[in-house]
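Notebook open; today I am looking up a few things in one chain. First the overall picture, then a surface patch and a pair of helices.

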Amino acid sequence: MIQELVMAAAGAAAAVAVYAGAAARVVKQYERGVVFRFGRLRDDIRSPGFTMIVPLVDRLHKVNMQIVTMPVPAQEGITRDNVTVRVDAVVYFKVVDAADALVRVEDYKFAVSQMAQTSLRSIIGKSDLDDLLSNREKLNQGLELMLDSPAMGWGVAIDRVEIKDVSLPETMKRSMARQAEADRERRARVINADAELQASKKLSEAAGVMSDQPAALQLRLLQTVMAVSAEKNSTLVLPIPVELLRFLERATPGAEQAPSAAASPTPPPPLSEAYLKGRSAAEEAIEDLTGSSVEPTHREPDH
């Protein structure tokens with residue numbers, strides 16, 4: 001009798017152990033347990049730790065509550081200013097309601113991935129190229145709003161969305177490089193012109209000072225000579241002020257009468273008596289040889 005009781009107690013203990021093993025579950029800290037009893041959702045969500053379910057009646061599904069990092073495949077589209085680009089992004093989301101994530105959508109990860117790709121293509125079509133390159137923060141916020149609206153019905157919260165890279169065609173890259181080079185050249189020319197304007201103003205002021213003080217020009221000349229000679233050159237160029245030449249011209253005596261004297265023609269020298277006698281003898285000889293029909297030509301003496 002005692003042996004039968006012992007055997008029955010052992011069998012009951014074994015049955016209890018098997019039942020406990022089948023009913024015992026452990027939920028990790030970053031998980032939540034959702035129980036379905038005969039296919040119906042139980043209201044109580046199992047918290048992290050040890051929990052029990054009814055074997056062959058309940059089904060426990062564990063849902064990860066950690067933030068999921070999901071890369072969005074590169075999407076090719078045409079921007080609002082007709083530029084073809086390829087944009088890829090990354091989505092950070094987490095489950096906030098474990099029951100809705102299991103009941104309302106078949107696969108919440110796949111649903112979020114497809115919604116992210118669709119929203120990314122929509123954002124590309126609504127944005128300009130400059131916004132994609134320089135105003136990404138605003139686009140990230142727009143993507144987050146577009147994803148968060150349907151995801152809240154699935155028990156999923158979008159933490160943030162980031163655009164990782166924007167790929168441009170090679171022709172567009174070259175065009176942008178030429179544009180940037182032209183803009184830098186324009187700024188360089190403007191800066192150079194501004195410098196020339198400031199330098200001209202300073203030179204004009206310096207000319208005014210030197211006109212009031214002629215000695216300042218001589219001092220500047222001496223400074224220039226010292227600057228040139230400091231480099232140990234074999235040739236020394238000494239500029240002469242124009243004012244000095246004008247001063248020497250005014251100081252030279254007879255400088256004003258010389259041009260007037262050179263302008264008047266010089267009278268020819270007078271003819272000598274020997275020249276006149278020889279000329280008359282030559283005319284008589286010509287008259288004897290030719291006769292009276294030939295009249296000698298009388299030429300006036302050159303004066």
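I call a residue buried under 20% relative accessible area, exposed over 50%, and partly exposed in between (1.4 Å probe, protein chains only). By that cut-off, 20% of the chain's 303 residues are buried. This is a predicted model, where local features need pLDDT of at least 70, side-chain atom pairs count only at pLDDT 80 or more, and totals for chains, interfaces and linings use all residues. Residues are numbered from 1 along each chain as its sequence is written, and side-chain values use heavy atoms, with hydrogens and water left out.

I looked up the elements next: the chain has 10 helices and 8 strands (DSSP runs numbered from the N terminus, H or I of at least four residues for helices, E of at least two for strands).

Then the surface patch. I found Tyr19, Val26, Phe50 and Met52 making a nonpolar patch of about 440 Å². Tyr19 sits in helix α1 (residues 2–23) and is partly exposed, at 46% relative accessible area. Patch residues have over 30% relative accessible area and no salt bridge, with nonpolar side chains (Val, Leu, Ile, Met, Phe, Trp, Tyr) joined within 5 Å and like charges within 9 Å. A salt bridge puts a side-chain nitrogen of Lys or Arg within 4 Å of a carboxyl oxygen of Asp or Glu. Areas are Shrake-Rupley with a 1.4 Å probe; for residues, only the protein chains shown count as cover.

Last, contacts, meaning heavy atoms within 4.5 Å. I see Met210, Ser211 and Asp212 in α6 meeting Pro214, Ala216, Leu217 and Arg220 in α7.
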